[in-house]
Amino acid sequence: MAAAAAAAAGPVFWRRLLGLLPGRPGLAALLGRLSDRLGRNRDRRRRRSPWLLLAPLLSPAVPQVTSPPCSLCPEGVHRFQWIRNLVPEFGVSSSHVRVLSSPAEFFELMKVDCLESTLEKSLQAKSPSGLKVSILLDFTRGSRGRKNSRTMLLPLLQRFPEQVRVSLFHTPDLRGLLRLLIPERFNETIGLQHIKVYLFDNSVILSGANLSDSYFTNRQDRYVFLQDCPEIADFFTELVDAVGDVSLQLQGDDTVQVVEGMVHPYRGDRAAYCRAANKRVMDVINSARTRQQMLHTQTFHSDSLLAEEDTAVAGDQRPAPDTWIYPLIQMKPFEIQIDEIVTETLLTEAERGTTVYLTTGYFNLTQAYMDLVLGTRAEYQILLASPEVNGFFGAKGVAGAIPAAYVHIERQFYSEVCSLGQQERIQLQEYWRRGWTFHAKGLWLYLAGSSVPCLTLIGSPNFGYRSVHRDLEAQIAIVTESRALQQELHQEQEQLYLRSGVVSSATFEQPSRQVKLWVKMVTPLIKNFF
C-alpha cells in the first residue's frame, strides 16, 4: 500500500521505478518524497529534461482487467472497462443522462424538477415525516463570516432535528498552532470538502457548481443529470453519509460534535482519524463494486432461461446499457487517490490521433499531469479562464493578485510548449464572456478518427495540486456508445470553446497580462494552495 501511494503521488518516472521495488515501502516512500521535491524544483526551470519525451514509456500500464472481457454482455466491448477494477461500474441507458449547458438551466432543474418534485412526493406520501435531508459542507468555508451556511441552516435544523442532518467536514491537516494562526478564508487553502453532488430520491446531479447566486446566473460551469438511476443515487448517498460520519455534526445551538466513537478530525490523532476515514469511505466503494458485479452477473449471466423469462414477464428486464458511469473519488488525506490514477492513465493511454479537450477554471496542473500532456502523443485543446473571468478578478487585498498568478503559470506552461516545439499538438485557449466568470472543469476524449467524444470526466476536480493532494473531490467518468449522447457532449464542448480565443505569444504582451515582479516571486511558493 505504501509503495502504491508513493508511486501515484510522484512523477511518472519515479512511479515506474517504484514498480521495480516490490516489498520496499520505506524506500518507496523516500523516493516519493524525493520526487515531490524534484517536481517543485523543475517548476523553476525554463526547459524540461530530455526524459520528459519518454513519459508514455515510463508511465504505468493500464490496470489489468481481473477477468477476460465478457462476450455475453455490452460491458465487454468498450475500451475503458479497466476502470471497473477500481470503482463500481454502473451500466445505464443514455436516455437517463442529460447534459446541461447553462446556470439558468441548472437552476430550473434544481428548483422545479428536483426540489419541488421531491417535496411534492413527500407531501403526498402517507408519512411525510419520512423525508430526510442530509447536507455535507466544508467546516471552514461554511463557517466564514457572521452570516454563513451554518447560520442559514440552523433554523431548519432546529425545527426538524430528526429529519435534517448537517455535517461539516474539517480537514485533519488544519490543526494545532496552524489552526489558531491562519485567519478565515486563508484557512480554506489547507484543505476543503469540495465535492458537488446533489441527490433527490433516485436522481443525481454531478457538477463543479456551488449553490450560491452566481452559479445560477452568470458563472459558467458544467452539469450532468442522471435521472432515475437508483444504484448511482444509492452510491453517492452512501458516500455523503460516509464523509458525514467522519465530519463534525452541527447542533441546534450552533455547536458541533463528533459522531460517537469517531476520532476528532483536528484534536485527535491525525493518523488514527485518517485510517478510520479511509476505511469508512473505501467500505462504500468496495461494497458498491461488489453489488454491481453481482447485478451484472444476475442480469447477463443467469444460467436459468426460465428465471430470465419470469423476470421479463414481471416487467423487470432491464434494457442493455449503452452508457457506463464510473465514480472517481480523490481524498489524498485519507490515501484514496482513484481519480488521480484514472486521470493519469487516461492521459498516458491517449494515442496519436486522439484529441483531449481539457478545461479548468484554475489552470495550475500538477507536475504529473503536465508531464503527460507535454510528453504524450495525443492532441490537447486546453480551455482556461482569461483574467477577466477568473473568480478572483477584482477581489480586495492579496486575493486580487490571484488572476495574475494564474497568468504567470499559464505563461510558463506556454513557454515550455514552445520550447519543445509542441505548439501544433498542444493549444491553449482562454474563455471570455462579458459580465461572466468561468468555473468549468473536466475533459472530453475523442478517439482517432471520431468527431464526437466517447468519454467525459465531469465533477469537482480542477486537475491542480489542491484537487489531487488537499481537498476531497468526486467526479464521474461517463463512457458512452450512444451517438445521441456523444453528440450532446460534443455540443457542450463546442459551446464552451466557441467563447474562447487561442493563446499566442502576443497574448502575454497585452496590458492585462503584465504580471508584477512580486507576484512572479511569490507564485512558486503558494501555487500549491490555490
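## Report on a predicted model

E494 is partly exposed, with a relative accessible area of 38%. Here buried means under 20% relative accessible area, exposed means over 50%, and partly exposed lies in between (1.4 Å probe, protein chains only). This is a predicted model, in which local features need pLDDT of at least 70 and side-chain atom pairs count only at pLDDT 80 or more, while totals for chains, interfaces and linings use all residues. Residues are numbered from 1 along each chain as its sequence is written, and side-chain values use heavy atoms, with hydrogens and water left out.

E494 sits in helix α16. Helices (H or I, at least four residues) and strands (E, at least two) are DSSP runs, numbered from the N terminus. Y357 is 137 residues away from E494 in sequence, yet the C-alpha to C-alpha distance is 9.9 Å.

### Cavities

On a 1 Å grid over the protein atoms alone, a cavity is a set of points where a 1.4 Å probe fits but cannot get out; lining residues have an atom within 4 Å of a point. Grid points are joined across faces, edges and corners, and a volume is the space filled by probe spheres set on the points. Three cavities of 30 Å³ or more turn up in the whole structure.

The second largest cavity holds about 40 Å³. Its lining consists of L100, S101, Q220, D221, R222, E492, Q495 and L496. Helix α16 (residues 483-497) supplies the largest share, three residues. By class, this lining has two nonpolar, three polar and three charged residues. For these classes, Ala, Val, Leu, Ile, Met, Phe, Trp, Tyr, Cys and Pro count as nonpolar, Asp, Glu, Lys and Arg as charged, and the others, Gly among them, as polar.

The largest cavity has a volume of about 70 Å³. The residues around it are G361, Y362, F363, L384, A385, S386, P387, N390, P403, Y406, V407 and E410. Two elements give two or more residues to this lining: β14 (379-385) and α14 (402-419). α14 gives the most, with four residues. The lining of the largest cavity divides into eight nonpolar, three polar and one charged.

### Salt bridges

Side chains of opposite charge can pair when their charged atoms come close. A salt bridge is a side-chain nitrogen of Lys or Arg within 4 Å of a carboxyl oxygen of Asp or Glu. The count by this rule is 18. Three of these pairs are tabulated.

| Pair | Closest N to O distance |
|---|---|
| R84 and E89 | 3.5 Å |

Take R84 and E89. R84 is buried, at 16% relative accessible area. E89 is buried too, at 10%.

R165 belongs to strand β4 (residues 164-169) and D245 to helix α9 (residues 230-245), so the pair ties together parts that are 80 residues apart in sequence. Both ends are partly exposed: R165 has a relative accessible area of 23%, and D245 has 22%. R165 and D245 also belong to a network of salt bridges with D241 and R280.

R513 and E430 are both buried.

### An enclosed helix

Helix α13 (residues 367-375) is largely enclosed by the rest of the structure, because nine of its nine residues are buried. Among them are Y369, M370, D371 and L372.

### Surface and backbone

V133, L156 and F160 make a nonpolar surface patch of about 200 Å². Patches are made of residues with over 30% relative accessible area and no salt bridge: like charges are joined within 9 Å, and nonpolar side chains (Val, Leu, Ile, Met, Phe, Trp, Tyr) within 5 Å. Accessible areas come from the Shrake-Rupley method with a 1.4 Å probe; for residues, only the protein chains shown count as cover. V133 is in strand β3 (residues 133-138) and is partly exposed, at 32%.

R185 is not a glycine, yet its phi is positive, about 75 degrees. R185 lies in the loop between α8 (176-181) and β5 (197-200), and is partly exposed at 41% relative accessibility. E335, also a residue other than glycine, has a positive phi near 60 degrees. E335 is in the loop between β11 (323-331) and β12 (336-337). At 52% relative accessibility, E335 counts as exposed.

Terms used:
1 Å grid on protein atoms, 1.4 Å probe; cavity = no way out; pocket = protein on both sides within 12 Å on 5 of 7 lines; lining within 4 Å.
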